[in-house]
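Please consult the sequence and the structure shown here while reading.

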Amino acid sequence: MLDGTPVTGSGNMDLLRIRYAADGSPQEQVVATFDVATDAEGYLQQEFVAAEAGQFRLRTRLDDGQGHVVEGGHIFTVRGDDMAADD
């Protein structure tokens, strides 16, 4: 919360692979899903391995059990030997 009080919750985290269609629009595919929950301090930690290079998005949805659901995301790139420098 804004007052610094930890908020606990549970939900799911999806790892989505992002590819782009010929028209440039992003196309997402879920490649892994994890059940997640925050700890007593309101923190969440999840380990995963990206099996290939590319662009990905983590999408997390949490429910605090009091009718409040929040969603957040983060886009990141996994570099690999098969990626060109300008990819």
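The text below treats the sheet, its strand pairs and its hairpins in turn.

The model is predicted: local features need pLDDT of at least 70, side-chain atom pairs count only at pLDDT 80 or more, and totals for chains, interfaces and linings use all residues. Residues are numbered from 1 along each chain as its sequence is written, and side-chain values use heavy atoms, with hydrogens and water left out.

Four strands form an open sheet in the order 2-1-3-4, and their pairing is antiparallel. Because strand 2 (26-37) and strand 4 (69-78) stand at the edges with a single partner strand each, one side of each has no neighbour in the sheet. On average, neighbouring strands of this sheet are turned by 20° against each other, direction ignored; the axes behind such angles are lines fitted to C-alpha atoms, and angles run from 0 to 180 degrees between N-to-C directions. Strands are DSSP runs (E, at least two residues), numbered from the N terminus, and two strands pair if DSSP finds at least two bridges between them.

| Pair | Bridges |
|---|---|
| Strand 1 and strand 2 | 11 bridges |
| Strand 1 (residues 10-20) and strand 3 | nine bridges |
| Strand 3 (residues 54-63) and strand 4 | 10 bridges |

D14 lies opposite T33 in strand 2, while G11 faces L62 in strand 3. On strand 4, H74 is opposite L58, and V78 is the bridge partner of G54.

Strand 3 is mostly covered, with seven of its 10 residues buried (buried means under 20% relative accessible area, with a 1.4 Å probe and protein chains only).

**Hairpins.** Strand 1 and strand 2 form a hairpin with five residues between the strands, in which G24 takes a positive phi near 90°. Strand 3 and strand 4 also form a hairpin with five residues between them, and G65 in the turn has a positive phi of about 80°.

Terms used:
Buried means under 20% relative accessible area, exposed over 50%, partly exposed in between (1.4 Å probe, protein chains only).
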